[in-house]
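Please keep the sequence and the model in view while reading.

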Amino acid sequence: MEIDSERGNGSIGLDPAEEVSPIEQVRLTVPNGDDPTLPVWTFRMWFLGLLSCILLSFLNTFFSYRTEPLTVTMISVQVATLPIGRFMANVLPTTKFTVPGFGSRLFSLNPGPFNMKEHVLISIFANAGSAFGGGSAYAVEIVDIIKAIYKRNISFIASLLLVLTTQVLGYGWAGILRKYVIEPAEMWWPSSLVQVSLFRALHEKESSKNSRARFFLIAMGCSFCWYIFPGYLFPTLSNISLLCLAYPNSVTAQQIGSGMRGLGIASFTFDWSVVASFLGSPLVTPFFAILNVFLGYFVTLYIMIPICYWGLNLYAAKTFPIFSSHMFDHKGQVYNVSAIVNDKFEIDLPTYDKLGRINLSMFFAVTYGLNFAAIVATLTHVAFFNGNEIYERFKDSHKGKQDIHTRLMRKYEDIPNWWFYGILVITFGVSLLLCTVMIDQVQLPWWGLILSAALALMFTLPISIITATTNQTPGLNIITEYIIGYIYPGRPIANVCFKTYGYISMHQAISFLNDFKLGHYMKVPPRSMFIVQLVGTLIAGLVNIAVAWYLLTNIENICQDELLPPNSQWTCPNDRVFYDASVIWGLVGPKRFFGTLGNYNALNWFFLGGAVGPIFVWILHKALPSQKWIKSVNLPILLGATAAMPPATTLNFNSWMLVGTIFNLFVFRYRKAWWQRYNYVLSAALDAGLAFMGVALYFTLGIEEVTLTWWGSKGEHCDLATCPTARGVIVDGCPVH
């Protein structure tokens, strides 16, 4: 429904020759006008927004437990809701009416044509439903590992409060900081411009014969029908390895050829969920980003790993699988973590000393080192390559001169600061209650909550500035894990809760500000943006934990891949890595893993390498200014290329890079008109069709445990890929060398 009084007082259009943004990319993308008369509080917006939020929350949580955890993002909703919104504008009655309690205000189910501002708010709802592109709320993984892997208890109320508070806490200080990173033109948030371009493209007039809506429905139907083959009838289509089929008895061949547990040579897929899992849709990733990922990935996978594993046998690599997210003892057996957890959910040191140190697969160890380097390299790279630019823009933002977009937004009522203070006080109060009254379930003491919130608050402004000017967002996850791991070791859940309050509250704050900048560019009233973001986040959190709770209590052995059938989809790859982190940083602690008491203290040198590397590239760039390519060497991207591995596999990366190259290099270059019109639409359609069929298969066949057992349902047939190659190591199902 729409309230007449929510409309503005007229259309604004300022002379673009005089009133322009100082940022060229913004000038080329964002229009310099506004129509305040466009209604935003419409029935269509609320109906489609809430529906999108609930649907994406459900789908993303549901798929997060599967071997290929598809993430349905805001772009899918942007494309899908446009024809629905226009259809509602054509069929809903236009009659105006009053509502008791609202005086003489007039409401209407259909205030006019479906407009772009409604569309933006619907998409913001959807973005909250996909946890700002993250899939589901990060804190759900804490509940997952407690219930499914550690096999301990946490109440639904504690789980719900944990999810909601970690998702909303950062909004309080984000809103207070918005005048520093939203209103100044110099804080231009590059990723928001992609959304502005897409909204403008979607709202262009088009013929019905070749409309995007028609193409979307056809492509979605094809995706829906096709997924029954890799999703149920013929699962081997998801991961076909030619080397494993050719050499069924060779461990080395399967290590090289397995796309799920090896290097992925001659491995391919016919399953969109494999292509789009972990890395997102390759159709919406620019080719230059794909190329950067490829370079870092190639050096890591096909140069470093073979040398470290077969050449150097680093960290006794041949005693363990070449690629695995599991932890092992010194004999190559999966480490019995439950044995070193006592009744207080803390480390049992005598048992740990008896079992010995925990070991990682070669790939897992190397990626930890690369992640250390990437975190520091991001800070160093931004400081040297963008530091002066960031400083100048931040300085300019305090000069008081408003750009055209900020002046246009002055037509709308601003958000009172007490709204943000209120959210901060309430959320922090509930979090404090959780860490005192329910401390037996979350382990995090009150002082840990205060320290994590202080870290997040301290880093939100500088990292927001970095994101707003460079589109790079350094994470706090490893920093927070390291800090609490040293201060409060032996408690795995305290560690992940501290990380979530410190890292995710900052991440949510920056995502909140990013969406706010999108609303700023699209001239959406600030109060509307705030309410939609807050309501969407709360609803999404509730749906996230409800779906998670249902799956955790109804699917036998969920997340226990060693107990599940060979073709089961409920392996929880993200939760497995999250669990590993809780053991490494929380239960055992960084001192016994990366310190003097652990096997991997040499990996700390990666921090130094990450700090020095960008400085070396910067010096080279200054010494050879004519070599323009040097400035394009982005070490944070190169070093962090494999950050998603594990749980992502080589098959995910190889198929993602191949499809992305086809569409964003060749199709973009040689069929640009088609790409411009249909590329994003195709991406959304493939996601939507797969998601609907995946849910349909579960509720029609999976819930009744109707399965097929034949050669094509037994995975990629690379059973030996996880075997060790060291002499004398005995592992069930593996040959002894």
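Helices (H or I, at least four residues) and strands (E, at least two) are DSSP runs, numbered from the N terminus. The model is predicted, and for that reason local features need pLDDT of at least 70 and side-chain atom pairs count only at pLDDT 80 or more, while totals for chains, interfaces and linings use all residues. Residues are numbered from 1 along each chain as its sequence is written, and side-chain values use heavy atoms, with hydrogens and water left out.

**Overall build**

The chain contains 27 helices and nine strands. Its radius of gyration is 26 Å, close to the 27 Å that the globule rule gives for 737 residues, so the chain is as compact as a globular protein of that length; the radius is taken over C-alpha atoms, and the rule is 2.2 Å times the number of residues to the power 0.38. Taken along the principal axes, the C-alpha atoms fill a box of roughly 80 × 65 × 55 Å. Of the 737 residues, 57% count as buried, where buried means under 20% relative accessible area, exposed means over 50%, and partly exposed lies in between (1.4 Å probe, protein chains only). Among contacts (heavy atoms within 4.5 Å) between residues at least 6 apart in sequence, 80% join residues at least 24 apart.

**Helix contacts**

For the helix pairs, axes are lines fitted to C-alpha atoms over the stretch in contact, and angles run from 0 to 180 degrees between N-to-C directions. Angles under 35 degrees count as roughly parallel, over 145 as roughly antiparallel, 65 to 115 as roughly perpendicular and the rest as oblique. For residue classes, Ala, Val, Leu, Ile, Met, Phe, Trp, Tyr, Cys and Pro count as nonpolar, Asp, Glu, Lys and Arg as charged, and the others, Gly among them, as polar.

Helix H2 (residues 43-64) packs against helix H27 (residues 672-702) at an angle of about 65 degrees, with the axes 11 Å apart, and the two helices are therefore roughly perpendicular to each other. On the H2 side the contact uses Leu55, Phe58, Leu59, Phe62 and Phe63, and on the H27 side Leu690, Ala691, Phe692, Gly694, Val695, Tyr698 and Phe699. By class, this contact of H2 with H27 has 11 nonpolar, one polar and no charged residues.

The axes of helix H5 (residues 140-149) and helix H23 (residues 573-588) come within 9 Å and cross at roughly 85 degrees, which makes H5 roughly perpendicular to H23. Glu141, Ile142, Asp144, Ile145 and Ile149 of H5 meet Asn574, Asp575, Arg576, Phe578, Tyr579 and Ser582 of H23, and the residues of this contact divide into five nonpolar, two polar and four charged.

Helix H20 (residues 477-487) and helix H21 (residues 492-522) have axes that come within 9 Å and cross at roughly 135 degrees; H20 and H21 are therefore oblique to each other, and H20 passes H21 in a right-handed crossing. Residues in this contact include Asn477, Thr480 and Ile484 in H20 and Phe498, Gly502 and Tyr503 in H21. The contact residues of H20 with H21 divide into four nonpolar, five polar and two charged.

**Individual residues**

Histidine 520 is placed in helix H21, where it is buried at a relative accessible area of 6%. Not counting residues up to four places away in sequence, histidine 520 touches Ile182, Glu183, His405, Thr406 and Met409. Histidine 621 lies in helix H24 (residues 605-623) and, by the same exclusion of sequence neighbours, touches Phe385, Ile630 and Lys631. Alanine 383 is found in helix H15 (residues 362-396), and its C-alpha atom is separated by 9.3 Å from that of isoleucine 466, 83 residues apart along the chain.

The relative accessibilities of several residues are set out here.

| Residue | Relative accessibility | Class |
|---|---|---|
| Glutamine 443 | 9% | buried |
| Histidine 621 | 16% | buried |
| Phenylalanine 278 | 22% | partly exposed |
| Alanine 383 | 46% | partly exposed |

**Backbone features**

Most residues other than glycine have a negative phi, and most peptide bonds are trans. Phenylalanine 278, in the loop between helix H12 (272-276) and helix H13 (287-311), has a positive phi near 70 degrees. Glutamine 443, in the loop between helix H18 (439-442) and helix H19 (446-470), has a positive phi of about 70 degrees although it is not a glycine. A cis peptide bond, with omega about 15 degrees, joins proline 646 and proline 647, and proline 647 is placed in the loop between helix H25 (635-639) and helix H26 (650-670).

How values were computed
A crossing is left-handed if the near helix is turned anticlockwise from the far one by less than a right angle, and right-handed if clockwise.
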